[in-house]
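Here are my notes on the model you sent. Please read them with the structure open.

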Amino acid sequence: MTDIARQPAASESAPHFIGLMSGTSLDGVDGVLVASATGRVLAEAYLPFPNDLRETLMLLQAPSENELHREALAANALVRVYTACVRELLATAGLPASAIAAIGAHGQTIRHRPGEFDGIGYTRQLNAPALLAELTGIDVVADIRSRDVAAGGQGAPLVPAYHQAMFAESGETRVVCNLGGISNVTILPCAASGQPVSGFDCGPGNALLDGWATRHLGKPYDDGGAWGASGHIDDALLAALLSEPYFRQTPPKSTGRDLFHAKWLDAHLAAFPGVSPVDVQATLVALTAQCVADDVLRYAPDCRGFYACGGGTRNHALMQAIAARLPGISVATTEALGVPPHQVEARAFAWLAQRCLARQPGNLPSVTGAKGPRILGALYPH
């Protein structure tokens, strides 16, 4: 009989982890293959979503007919993109599946309602982790947010724990900002302050910008932010958008496409019929920049370094707008700290998978509001 107690843990026999992230931008999957001992990225990959999957995922952001059936089929389709991403990572690194301890697979958020209804609420990341384990032959860590929500937390943002591990500097207060579909910040205080790490969702990031570009340019994003940069900010419209109560909530807080979606924008635009599409785009750039900058100045007034990651870093107009609203603060991307901005989220979920297998907490209660540190994720052995 095999002595199970003497079998090596997956993390001991397989030294690497894969992180997969598909965020609220709904554009595709970012993947990294990381050496757990050093944190060095051995391979990276990006696979865009097929148009039909992207359309289905967008529809599933709101209640619709027969959505349980469509959600299940979309989860299977999503996992096939995940599987292709894993195979590309393995091929690039020249490694077999047996070299991977686990895949950290975030899934695709389609509802995020923590704290509502029964005081706990829920968060739902569309995924089929059992199928991913079956197709890849690798253990999968998934459903990573739910444990924090069950402990009374927001379940988001989760990456601040990784930001702390990677980017904290004892001598200065730093802010790391993810400009994804939704924007969020991590505040890494200097050691002398005695303050804990904090973080929260600021508001819209690329979600409204990309949606408006799709509607008026016929492509999924405003390349480089050039279209928005050619327009003019409508101050009255901006003030109306900034009147959203979410911006005045105090942390811990999180949001998503449940709130910031096309109907939310259209409801505001109904009072401003004369604003041209390009000026709406310019105003949406200002909205994202303003809600980020306001939160930095309010909650991290001693910040000396602001480091952005995520797809929004490719929007030059957005980065310039943020910098203009943060005078005296150095504004850069996480590239300046040694991590390419497009890798940060995927690396974070590889790190969270490693924490799960080691039975170490992955959340920060000071960020999410959970009752305490919790081991995040459910394991699906291959």
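1. A cut-off first. Buried means under 20% relative accessible area and exposed means over 50%, with partly exposed in between. Arg113 has 26% relative accessibility, so Arg113 counts as partly exposed. Keep in mind that this is a predicted model.

2. Arg113 has a partner. Glu116 forms a salt bridge with Arg113, and their closest N and O atoms are 2.9 Å apart. Glu116 is partly exposed as well, because its relative accessibility is 31%. The structure holds five salt bridges. Two others follow.

3. Arg111 and Glu67 meet through their side chains in a salt bridge of 3.1 Å, N to O. This pair links distant parts of the chain: Arg111 sits in strand 5 (residues 108-114) and Glu67 in helix 3 (residues 67-93), 44 residues apart. Arg111 has 11% relative accessibility and so counts as buried. Glu67, with a relative accessible area of 24%, is partly exposed.

4. Arg174 pairs with Glu172. Their closest N and O atoms are 2.8 Å apart in this salt bridge. Arg174 is buried, with a relative accessible area of 13%. Glu172 is partly exposed, at 23% relative accessibility.

5. Which side chain of opposite charge is nearest to Asp148? The nearest is Arg374, 7.6 Å away. Asp148 is buried yet has no salt bridge. Asp148 lies in helix 5 (residues 146-150). The side chain of Asp148 does make a polar contact of 2.8 Å with the side chain of Asn363. Leaving aside neighbours within four places in sequence, Asp148 is in contact with several residues, including Gly153, Gln154, Thr368, Ala370 and Leu376.

6. Strand 1 (residues 16-21) and strand 2 pair in the antiparallel sense over six bridges. Phe17 has Val34 in strand 2 as its bridge partner. The hairpin of these two strands has six residues between them, and there Leu26 takes a positive phi near 60°.

7. Strand 2 also pairs on with strand 3 (residues 41-48). Seven bridges join the two, and they run antiparallel. Val29 has Leu47 in strand 3 as its bridge partner. This hairpin has five residues between the strands, and Gly39 takes a positive phi near 75° in it. Strand 2 (residues 28-35) is mostly covered, with seven of its eight residues buried.

8. Strand 11 (residues 303-309) is mostly covered too: six of its seven residues are buried. Strand 11 runs parallel to strand 8 (residues 173-179), and six bridges join them. Asn178 has Cys309 in strand 11 as its bridge partner. Strand 11 is also joined by four bridges to strand 12 (residues 330-333), again in parallel. Here Tyr307 has Ala332 in strand 12 as its bridge partner. From strand 11 the chain crosses through helix 12 (residues 316-324) to strand 12, and this β-α-β crossover is right-handed.

9. What covers the buried residues of helix 7? The cover includes strand 8, strand 10 (198-204), helix 8 (226-229), helix 10 (262-269) and helix 11 (277-299). In helix 7 (residues 206-217), the buried residues include Asn206, Leu209, Asp210 and Ala213. An α-helix has 3.6 residues a turn, so residues three or four places apart point the same way. Ala207, Leu208 and Trp212 are buried in helix 7 as well. Just after helix 7, Gly218 takes a positive phi of about 75°.

Terms used
Residues numbered from 1 in each chain as written. Predicted model: local features only at pLDDT ≥ 70, side-chain atom pairs only at ≥ 80, totals over all residues. Heavy atoms only, no water. Buried < 20%, exposed > 50% of the residue type's maximum accessible area, 1.4 Å probe, protein only. Pairing = 2+ DSSP bridges. Lys, Arg positive; Asp, Glu negative; His and termini not counted. Salt bridge = Lys/Arg side-chain N within 4 Å of Asp/Glu carboxyl O. Polar contact = N/O pair within 3.5 Å; in protein donor to acceptor, adjacent residues only side chain to side chain. Contact = heavy atoms within 4.5 Å. Right-handed = clockwise from strand over helix to strand, strands pointing away.
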